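Visitor: I'm new to this one. Can you show it to me and take some quick questions?

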Amino acid sequence: MARHIYACPLRWSDMDAFGHVNNVVFLRYLEEARIDFMFTQAAAAGAGEFAGGSVVARHEIDYKRPLVHRPEPVTVETWVTKIGGASLTVSYEIKDTAEDGTETVYVRASTVVVPYDLAEGRPRRISPVEREFLGRFVDDGSRDDRGMDDRSRDDRSVGEPAVAAA
């Protein structure tokens, strides 16, 4: 399975009064990665219909670790966990990978996206070209529909508190 990799810059204004990236800002990071994936990369692959309109139907986010400002970008990995007739689920990890291969995951999330016909003002079906593009990024099945794998379920069972400010 391929994943879309997006290097997301951090801005000083992303931090809140508690000294870490605010929970709402993580939605912006996900949006930036999703736009790069579904608009820029899809268009380059000949599946540019997404840029004509899409809406977010649902977000789900598990905050794992605090993220503080630094000059280096954070990595947002994006993949597809479900392709329906008129919707898709995109999953993400916002993380860092050290030179020795160890990962620090800050957020695991998923978004349900609905292609939308702006001229008609209604949802539309996923085209065969879009389906082919998305198919290159479909998960191998080891994660659930939210992009959560066994590690994240284990993390939740330990009672790890949410770390993003409300």
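Visitor: Where does Glu93 lie?
Guide: Glu93 lies in strand β4. Strands are DSSP runs of E, at least two residues, and helices are runs of H or I, at least four, numbered from the N terminus. This is a predicted model: local features need pLDDT of at least 70, side-chain atom pairs count only at pLDDT 80 or more, and totals for chains, interfaces and linings use all residues. Residues are numbered from 1 along each chain as its sequence is written, and side-chain values use heavy atoms, without hydrogens and water.

Visitor: Is Glu93 buried or exposed?
Guide: Glu93 is buried, with a relative accessible area of 1%. Buried means under 20%, exposed over 50%, partly exposed in between (1.4 Å probe, protein chains only).

Visitor: Which side chain does Glu93 pair with?
Guide: The Arg108 side chain, through a polar contact of 2.8 Å. That term means N or O atoms within 3.5 Å; within protein, one must be able to donate a hydrogen and the other to accept it, and residues adjacent in sequence count only if both atoms are side-chain atoms.

Visitor: New topic. Which residues of α2 are buried?
Guide: In α2 (residues 128-135), they are Glu130, Phe133 and Leu134. Seen down the helix axis, they fall within an arc of 95 degrees, so they line one face. The arc is taken from the directions from the axis to the C-beta atoms.

Visitor: And what is on the face turned away?
Guide: The exposed residues Pro128 and Glu132.

Visitor: What covers the buried residues of α2?
Guide: The cover includes α1 (23-44), β3 (74-83) and β4 (88-97). Contact here means heavy atoms within 4.5 Å.
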